[in-house]
Amino acid sequence: MKEKLSLAMARRTALAAQGFGERRPAGPIDRRHLKRFLAHNGLLQMDSVNVLVRAHYMPLYSRLGAYPLGLIDDNARGRKRMMFEYWAHEASLLPIELQPLMRWRMERAARGERVYGGLVRYGRERADYIDGIHKEIVARGPVAASDFDGQRGQGGWWGWSEAKHALEWLFWTGRVTTAERRASFERVYDVPERVLPAAVLAQPTPSAEDAVRELLRVSARALGIATATDLRDYFRLPPEDVKARLPELVEAGDLLPVKVDGWSQQAFLHREARMPRRIEAQALLSPFDPVVWERSRAERLFGFRYRIEIYTPVHKRVHGYYVLPFLLGDTIAARVDLKADRQEGVLKVAAAHREEQAGAHVAEALATELRGMAGWLGLAKVEVLPSGDLAPELAAAVASV
């Protein structure tokens, strides 16, 4: 096993670990593919922005190609669900098998640890009201915040109502979970006993130490090669918990300390990480894809400086509103600002920018990928607007595909 890796080798290792070391399946994508993805990657981050497609639908498409959009929704609800929702790398869908590993986080939340500050105060000050909401759910069954009477709150906290505050506190602490998401993306809550498989609920609760150790193993397998910060970030684990567990994983042989050219931090290689000589990926990546969600890691691996500009005033945006990196081979070759105009049936490319490391045929490859994405989303055509240094070439390539 190598003790020192070139940056190119580290990049290929990371991409292979994320599922970009294999060709996309030729046949239909089904539950088996989703199960394999989850077993290896460990989660799907969620986000409410729907200007293109919601974030948790994208990673499977990026790796496997077009699949029925209902595949994820169908396996995130019902008694045969494959996933449950909780706070991991932000709000996430996780394999149902990981639920016991999240209970330490729920227990800490109940004690007022590592929960958003305002929600901690709310949990202390409104305990009786929260208990009343919980009893209501037990009696009524699945409910959303909008099912309760009352006015929305004012000002901060996204205008949350009293009921929404209570429901989120109960969700953090594990007393309720997500039964499903409505078409509006609104969370529907119910008690775990009516949502999660009995076999999962019957599993013993690991200690915080054992749970963090196992979550780090999942992170390491999903990342392939990573710094301690990368490993911690995958499930947003507390630094003090990670610091104690990493040496144990090194001693057990799960993690192998290595040096990566150009990295100032110690790197750790997962013991099963593959180091392919070549990556032949061609994929658009969600801003919330594990390949790029930790911006400093994306910069270390790809020389790619990435900032999502959704909350940036229009006149200050550099690349656009909802910008997706384009992975070509083992480099990020371009970035495109995309919008699905469902009324017009058009995938709009509001801006297209070339990266320094882009090759000669990036426009053609990107045009093919955009056509494929449009078809997956049920859009009839791709329209490239004249913004960005890659736009003219990309427009010509789209017209010829």
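**Figure 1. Charges of the protein chain in the predicted model.** The protein chain carries 59 positive and 51 negative charges. Their mean positions are 2 Å apart. The accessible surface of the chain comes to about 18200 Å², and carbon and sulfur atoms account for 50% of that surface.

**Figure 2. Secondary structure and overall dimensions of the protein chain.** The protein chain has 16 helices and 15 strands. Its radius of gyration is 22 Å, close to the 21 Å that the globule rule gives for 401 residues, so the chain is as compact as a globular protein of that length. Along the principal axes, the C-alpha atoms fill a box of roughly 65 × 55 × 45 Å.

**Figure 3. Burial and contacts in the protein chain.** Of the 401 residues in the protein chain, 55% are buried, where buried means under 20% relative accessible area. Among contacts between residues at least 6 apart in sequence, 66% join residues at least 24 apart.

**Figure 4. The open sheet formed by β2, β4 and β3.** Three strands make up this open sheet, in the order β2-β4-β3, with antiparallel pairing. The edges are taken by β2 (44-45) and β3 (83-88); each has a single partner strand, so one side of each is left without a neighbour in the sheet.

**Figure 5. Close-up of the pairing between β2 and β4.** Strand β4 covers residues 90-95. Two bridges join β4 to β2, and the two strands run antiparallel. In one of these pairings, Leu44 has Leu93 in β4 as its bridge partner.

Conventions: Residues numbered from 1 in each chain as written. Predicted model: local features only at pLDDT ≥ 70, side-chain atom pairs only at ≥ 80, totals over all residues. Heavy atoms only, no water. Pairing = 2+ DSSP bridges. Helix = DSSP H or I, 4+ residues; strand = E, 2+ residues; numbered from the N terminus. Rg over C-alpha atoms; globule rule 2.2 N^0.38 Å. Buried < 20%, exposed > 50% of the residue type's maximum accessible area, 1.4 Å probe, protein only. Contact = heavy atoms within 4.5 Å. Areas by Shrake-Rupley, 256 points an atom, 1.4 Å probe, with all protein chains shown as cover. Lys, Arg positive; Asp, Glu negative; His and termini not counted. Charge placed at Lys NZ, Arg CZ, Asp CG, Glu CD.
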